[in-house]
Amino acid sequence: VQLVESGGGLVQAGGSLRLSCAASGSTFSINDMAWYRQAPGKQRELVALITSVGGSTNYEDSVKGRFTISRDNAKNTMYLQMNNLKPEDTAVYYCNAAWGDYGLGSGLGYWGQGTQVTVSS
């Protein structure tokens, strides 16, 4: 499985971006999916996740009410709509997919290459 992110860029504070994560290959093996981010000098953190069954979602506290995660299984694509962006949202955003025995965040799960999001004040 290959995961390819797109949609990152430079935006002013208060602006919006929509990230996409397109999956290809053996996509039938994908379970839950998530977006992670990593800012310079910080550890990678979970931003939002969406389950494969039922589409339940969960968000990191600082993005609740501003970010929305969704997935279109027919298109094998996951999205992250980011509104009211803040400078502290600046990071590289990674798409992650669980499969088999490897849950979200596992180094043996599927990961994209990352897309840079920069929010200027």
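The model is predicted; local features need pLDDT of at least 70, side-chain atom pairs count only at pLDDT 80 or more, and totals for chains, interfaces and linings use all residues. Residues are numbered from 1 along each chain as its sequence is written, and side-chain values use heavy atoms, with hydrogens and water left out.

**Sheet layout**
- Four strands form an open sheet in the order β1-β3-β8-β7, with antiparallel pairing. Strands are DSSP runs (E, at least two residues), numbered from the N terminus. Two strands pair if DSSP finds at least two bridges between them.
- β1 (2-6) and β7 stand at the edges with a single partner strand each, so one side of each has no neighbour in the sheet.
- Neighbouring strands of this sheet are turned by 15° against each other on average, direction ignored. The axes behind such angles are lines fitted to C-alpha atoms, and angles run from 0 to 180 degrees between N-to-C directions.
- Strands of a sheet pair through backbone hydrogen bonds.

**Strand pairs**
- β1 and β3 run antiparallel and are joined by five bridges. Q2 has S24 in β3 as its bridge partner.
- β3 (residues 17-24) pairs with β8 over six bridges, in the antiparallel sense. Here S20 stands opposite Y79 of β8.
- β7 (residues 67-72) also pairs with β8 in the antiparallel sense, over six bridges. D72 stands opposite T77 in β8.

**Strand β8 and its hairpin**
- β8 spans residues 77-82 and is mostly covered, with five of its six residues buried. Buried means under 20% relative accessible area, exposed means over 50%, and partly exposed lies in between (1.4 Å probe, protein chains only).
- β7 and β8 form a hairpin with four residues between them. N76 in the turn has a positive phi of about 55°.
- N73 lies in the loop between β7 and β8. N73 counts as partly exposed because its relative accessibility is 48%.
- N73 and A91 are 18 residues apart in sequence, and their C-alpha atoms are 26 Å apart in space.

**Nonpolar core**
- The largest nonpolar core has 28 residues. Such a core is a set of buried Ala, Val, Leu, Ile, Met, Phe, Trp, Tyr and Cys residues joined through side-chain atoms within 4.5 Å.
- L3, M33, W35, L80, M82 and Y93 touch the most other members of this core.
- The elements that give two or more residues to the core are β3, β4 (30-38), β5 (45-50), β7, β8, β9 (91-99) and β11 (115-120).
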